[in-house]
Amino acid sequence: MSEFDELFDLSDFFQNEPDDEPETFEAVILPLRDMVIFPRMVAPLLVGRDRSLRAVEIALEHDAYLVAVAQRDPHVEEPTPEDLYTVGADIVIGRTLRMPDGTLSLLVQGQRRVRVVEYLQEHPYLRARVESVPETAETSKTSEALMRAVLTIFEQCVHLSRSLPEDAYIAALNADEPGWLADLVASIMEFPLEKRQELLETFDAVARLQKLSILLGNELELLELEERIHSQVQEEVDRSQREYFLREQLRAIQQELGESDPIMAEIAELQERIEKSAMPVNVREKALKELARLQAMPPAAPEVGIIRTYLDWLLELPWGEAEEQPVDLIKAKEVLDANHYGLEKAKERILEYLAVRQLAPDKMQSPILCFVGPPGTGKTSLGRSIAEALGRKFVRISLGGVRDEAEIRGHRRTYIGAMPGRIIQGMRNAGAVNPVFMLDEVDKLGLDFRGDPAAALLEVLDPEQNREFVDHYLDVPYDLSKVFFITTANVLYTIPPALLDRMEVIEFPGYTEEEKLAIARQFLIPRQLEAHGLEQESVRFSEQALRHIIREYTSEAGVRNLERAIATICRKIARRIAEKRKVPRLITVASLPKFLGPPQYTFGMAEEEDEVGVATGVAVTEYGGDIMSIEVSVMEGKGNLLLTGQLGEVMQESAQAALTYARSHAKELGIKIKDFDKIDIHIHVPEGAIPKDGPSAGITIATALISALTGRRVARDVAMTGEITLRGRVLQIGGLKEKALAAHRAGLKTFIVPAKNRKDLVDVPAHVRRQLRFVFVNRMDEVLSVALRDKAPAKSDARQRRPRRTATRAKRPVPDSRPPVAPE
């Protein structure tokens, strides 16, 4: 006998025939949790609550009616009448079994639907007056059609569900009444409590079948979807198991043949390399964990390549202790001097580091230097020399134009094509934990929606943080504390303050003419002769020719254009040798136009003669120091001040301050103009395509302005720099060395500087101090006493001057994209 046959063969359960039952009667109420009992259905119950136990005992002792009613909320421990539904089922108890814990196990069968009319008592058990609800069960074609439809859907549900027994459908076939079929199927299916209660409260059998068919349809859709998902998962599992069995068989065959599995051999090799590597414990655990994942995956899995690449990165990175070489200060100094001329401050700082490392190797932190200077002054090449002097590997990465933070920290492995950042890539290329690592062009880092690379460098360049630098790709700490970091920049004002604070700045000023001569003799000419296949003694450059190249074919703080000019001459000589033509043995001034063409620049002072309204100033750009002329014209007008030449806000304010000083001291300065509202003043700084800014042109603007208002000429061999105040005080400026070199390079004789900059004179080369007269001033009247001459002759007109010659860019077009003059 099947389970359902046993459950439905319970005719002995009935206490009375349904026809003999009263329509309204008193009954004991048994609350049910998450369960609904339908008429004619048999169900097991486990009774454990005190009131429920008491209700069952009273019903058994007094042969009272027992009505099972479902709770609205199954979590309520002591339900009140408000917590119960109003429709339940009159039940009879077939078997009773008391459990060791005091609970009762009952087997009950529902008889009929009843509705609670009123509750008569709540303690010690629930008792109520109930009325039986008659069921309409007329047989018609509609009911028969609904019964067939329900049976069809129920059959499919039984077939797809793993929780329903096969004989459930057979039991449903035996239900020959619409109401009975609906109650049977509803009791078998695992519908929500609310849906089952709704079916119980539907007294019309046809309407109940209609609702049941809708619920069965929804359940069938869920079962079909579940079956489809299960089938897909099972297919994948079967395929994986099949591949596993095939691999095991292949491994057994290979073992019999004496062959090895290449995949397992590779995994064994990786495990051996991980065990032998010098990784820290946490990194080794991470690597072994990833190796275990790799071993568990089938070879065709998409993550195999990702994990394999990740393990390769971990294994190829240097993790061990630094192999320090003996420190030899004398040899290191010889290496630095042999590769670079000058740069005493940078060389001195490196030798100091070597000395401290020799005395306290365990306590010395690797320095983080920032080489700042114009292009072509040897910043990058000095980094290579430092690595050679220290006996370390050299790594260089360029940061110019980098805008993505992932370039520094790497990409997370969740992205396709992810890879570590440039720092980790450089460490792998170096193959050592203590290389000399150069971050070139750090002042040209960008910033956009992908992040701030400069902010990512804060951790890299901080000795207190870079011991545990975490790259997004590796996701494990990496020690950068032994790395000698060197950054290079042309200017400092574009570097974020937080990043600049982590670096020790060493300035690379522009080279003087004498230094360029020595560099050309010692480095540039031999290198270019060798690069062009020329013998060292086959071509010589006269000293005057080199000076002429420096003065009239280049205008730079470094030596790059000088080397290009020498390379141009060597190429033309090499061509003549290849064509078997006559080759000059000595390059002289007269032969330069044949090789380099006409001069690009005119060497000499900014002005050919002393003029009214024209003063010579100096400025600092990212290419080094440079001179600039400031012109002032006075004309009839309406008291306007016109400023041209792409002047920045600070420089415009300096011009307004200079005009205020001149107007307020007009009597002492000898200015005869009474009404400034009747004149216009035009201040112009030539080379208008180049933006200019900074306060250091204040005294230059004031000198040119006072010259134009008084008619006194400005000395052509005088350059000046300094900020002016409304009361005529001259304030301190920056970049004195670069400005002094620019004035010396232009052939000027006198240089007026603020008195507070006297301390900076020690940075100016000795031969420049000898050849250039420095005048230190505190007030504007001291500037005028040196810069202004007597009044110009009557025939001279400041607005009708001869064309002037400048020492910079006289014949080369000015590019619109040149960087602005650096603010001070």
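Me: In S3, what is the bridge partner of Ile29?
Reply: Val67 is the partner in S3. This is a predicted model, where local features need pLDDT of at least 70, side-chain atom pairs count only at pLDDT 80 or more, and totals for chains, interfaces and linings use all residues. Residues are numbered from 1 along each chain as its sequence is written, and side-chain values use heavy atoms, leaving out hydrogens and water.

Me: And which residue is the bridge partner of Ile29 in S6?
Reply: That's Leu126. Strands here are DSSP E runs of at least two residues, helices are H or I runs of at least four, and both are numbered from the N terminus.

Me: Does S1 run parallel or antiparallel to S3 (residues 66-70)?
Reply: Parallel, with five bridges joining them. S1 and S6 (residues 126-132) run antiparallel, joined by six bridges. Two strands pair if DSSP finds at least two bridges between them.

Me: How many residues of S1 are buried?
Reply: Seven of the nine in S1 (residues 24-32). Buried means under 20% relative accessible area, exposed over 50%, partly exposed in between (1.4 Å probe, protein chains only).

Me: Switching to H13: which residues are buried there?
Reply: Among them are Leu382, Ile386 and Leu390. Their cover includes helix H11 (329-339) and strand S12 (484-489), with contact meaning heavy atoms within 4.5 Å.

Me: What comes after H13?
Reply: Gly391, with a positive phi near 70°.

Me: Last one: why does Val237 count as partly exposed?
Reply: Because its relative accessibility is 34%. Val237 lies in helix H7 (residues 205-257).
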